[in-house]
Each structure stands twice: as C-alpha cells, then as structure tokens.
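Hi there,

Please open it up and have a look around before reading on.

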Amino acid sequence: MSETFLPDDPQHPIVVENLRNSFGDHVIHEGLSLTVNRGEILGVVGGSGTGKSVLMRSIIGLQVPDDGSITVLGRSITDAEGDEDIDIRARWGVLFQGGALFSTLTVGENVEVPLKEFYPEIAEQLRHEIAQFKVMLSGLPRDAVNKYPAELSGGMKKRAGLARALALDPELLFLDEPTAGLDPIGAAAFDKLTRALQETLGLTVFLITHDLDTLYEICDRVAVLADKKVIAVGTIPELLALDHPWIQEYFNGPRGRAARDAQHGARHGANQKVL
Ligand SMILES: Nc1ncnc2c1ncn2[C@@H]1O[C@H](COP(=O)(O)OP(=O)(O)OP(=O)(O)O)[C@@H](O)[C@H]1O
C-alpha cells in the first residue's frame with residue numbers, strides 16, 4: 001500500500017521521494033523514498049557505502065540530487081538554490097561523523113558559531129550563557145566550555161558536537177554514527193543521552209548507525225538501505241518478519257542476536273533480585 005503525504009504534513013517532518021544520487025557513473029541512490037515521523041528516533045542502517053551519509057547530506061541540502069524531491073518541515077530542499085537558500089537551516093542540528101569541531105576554537109566557541117551565524121543580534125554575554133547551558137545539557141562538565149577539541153576524549157568530542165548541534169534549539173537532530181569509536185559504556189551513555197534529549201526537547205532524530213545496541217535501545221523504527229533504496233522501514237520485530245537476506249543476516253547474525261539478548265536480559269534483569 002502506498003501513501004501520499006502532503007509536503008507540509010506536520011506529522012512527517014522529512015519526506016523523501018524518488019531520490020537519485022550519483023557520482024559520475026556511480027549511482028548511489030535510485031528511486032529512494034523515506035518518510036520520517038515526527039517525534040521518533042529513526043535508525044538508518046545499511047552496509048558500508050550504501051549511501052547513508054549521502055542521504056543525510058541530501059536532506060540537509062549539502063548534496064544536490066540528480067532527481068527526486070525532499071521536503072523538510074514543509075520546505076522543499078530540492079527546489080532551494082544552494083544550501084544558503086534554505087531558510088529552515090536553523091531548525092535542525094547536525095552531528096557529523098567525527099564531530100567536525102573547529103580545532104582552533106574552544107568547545108564554547110564552537111557552540112557559539114551557529115548562534116553568531118543565525119542570531120548575530122544576541123549579546124555576547126547571553127551567547128556565552130547559552131553555549132554554557134548547551135555544553136552542560138550534553139553531559140559535559142562546566143569547565144569543558146573552555147577546552148579545545150584536542151584536550152577532549154573521543155566521547156567528550158561527540159558530546160561537544162552534540163552541544164553545537166543543539167545550539168539553536170532544533171526540531172530535527174541528525175546524528176551520523178554518534179557512537180562509532182566509543183567504548184561500550186560510553187556508547188550506552190550516549191544512547192541514553194540521545195533518548196533523554198529526544199524526550200525532553202521533543203526532537204525528531206535521524207540517526208545513522210552501525211551499532212546494533214543503539215538500534216535495540218533507543219530507535220523507534222529502523223530504515224534499511226540496500227539496493228540503492230530504502231528497502232524497509234519499521235520496528236525491529238517488523239523487520240525481522242521480512243525475509244530479505246541482508247536484514248536477516250544483520251539482525252539474526254551473532255552480533256544482532258547478542259544485542260537482542262542484551263536488551264532482553266536488561267529488561268528482565270531489572271525485575272530480578274540478586275541473591
Ligand atoms: N563527494 C563524493 N564524491 C564521490 N563519491 C562519493 C562522495 N561522497 C560519497 N561518495 C561515495 O558514495 C558512496 C556512499 O557513501 P556514504 O558515505 O554515504 O556511505 P555510507 O553508507 O554512509 O557508508 P559508511 O557506513 O561506510 O559510513 C560511497 O561509495 C562513497 O565513496
């Protein structure tokens with residue numbers, strides 16, 4: 001069954017239809033469609049090179065597609081003339097792979113970059129206070145605001161990138177492999193933070209990940225990229241009911257089973273007494 005969504009449908013802040021992206025002869029996406037529901041954490045998975053980051057870059061206007069339409073918060077991204085023309089850029093925040101922090105700026109100054117760009121009228125002192133608040137909201141200690149990226153651990157850099165992504169109080173949050181490179185405890189803590197922020201700030205989250213624990217722990221639905229398109233979107237039980245070989249191997253392989261067992265154990269263990 002196919003559904004049609006109005007471009008400014010408030011329940012679906014991101015609507016991608018029939019997207020095509022290529023680099024020279026290399027076709028990355030062909031006929032890719034995806035609808036994101038308001039208030040969900042959508043996990044985006046797929047083998048390496050299937051075009052998850054290119055899809056995210058297309059949605060935020062950094063990659064001009066060959067064909068198709070992308071509507072974000074009722075605004076056509078594909079009709080915009082360059083990303084400077086997209087007047088809703090202040091309504092999303094992005095955590096790029098690796099954090100993409102400016103190395104010559106402190107964490108606080110990094111968070112202030114989008115504030116200066118979009119709200120130059122904000123007084124300096126207030127801007128500092130907003131940056132401090134976002135840094136702490138992202139779970140960093142107060143003094144992290146004056147540190148340079150090189151002085152931070154990998155996990156702290158991710159949190160600093162998150163603080164910058166949250167600088168403008170976005171409605172949409174894009175996270176590109178946020179737990180990559182983190183130890184399991186740091187990754188679990190980042191997952192928890194993402195869920196807590198999504199709930200308290202009412203965010204819609206587009207989350208690219210290879211981390212099965214993240215998918216099980218915090219994603220409401222998962223979109224699977226393969227064969228140049230989104231081949232399925234649904235909850236993990238819904239995806240498991242499909243017999244696509246990649247989906248089966250991904251979720252039912254040893255790592256998928258371990259992540260599922262870990263989640264099952266955590267849920268049931270909470271009700272057990274330690275004797
Ligand atoms: N600017 C570019 N120029 C040429 N090819 C590119 C460019 N950006 C991405 N690609 C190619 O597009 C394909 C998809 O890249 P993308 O980074 O979106 O994959 P991905 O699914 O995010 O992979 P991974 O899981 O490894 O991060 C890759 O083959 C990549 O080499």
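This is a predicted model: local features need pLDDT of at least 70, side-chain atom pairs count only at pLDDT 80 or more; totals for chains, interfaces and linings use all residues.

Strands of a sheet pair through backbone hydrogen bonds, and the pairing can be parallel or antiparallel. Here, four strands form an open sheet in the order S2-S1-S4-S5, and their pairing is antiparallel. At the edges you will find S2 (26-36) and S5 (75-76), each of which pairs on one side only. Ile14 stands opposite Val72 in S4. Helix H1 (residues 52-59) packs on this sheet, where it touches S1, S2 and S4. The direction of H1 makes about 120° with that of S1.

Now for the helix pair. Two packed helices are described by the angle between their axes and the distance between those axes. Helix H2 (residues 107-118) packs with helix H3 (residues 124-137) at an angle of about 115°, and their axes are 9 Å apart. That angle makes H2 roughly perpendicular to H3. The crossing of H2 past H3 is right-handed.

Which residues of H2 and H3 make the contact? From H2 they are Val107, Gly108, Val111, Glu112 and Leu115. H3 brings Arg127, His128, Ile130, Ala131, Gln132, Lys134 and Val135. Sorted by kind, the residues of this H2 and H3 contact are six nonpolar, three polar and three charged.

Enjoy exploring!

Best wishes

Technical notes: Residues are numbered from 1 along each chain as its sequence is written. Axes are lines fitted to C-alpha atoms, for helices over the stretch in contact, and angles run from 0 to 180 degrees between N-to-C directions. Helices (H or I, at least four residues) and strands (E, at least two) are DSSP runs, numbered from the N terminus. Angles under 35 degrees count as roughly parallel, over 145 as roughly antiparallel, 65 to 115 as roughly perpendicular and the rest as oblique. A crossing is left-handed if the near helix is turned anticlockwise from the far one by less than a right angle, and right-handed if clockwise. Two residues are in contact if their C-beta atoms, placed from the backbone, lie within 7 Å. Ala, Val, Leu, Ile, Met, Phe, Trp, Tyr, Cys and Pro count as nonpolar, Asp, Glu, Lys and Arg as charged, and the others, Gly among them, as polar. Two strands pair if DSSP finds at least two bridges between them.
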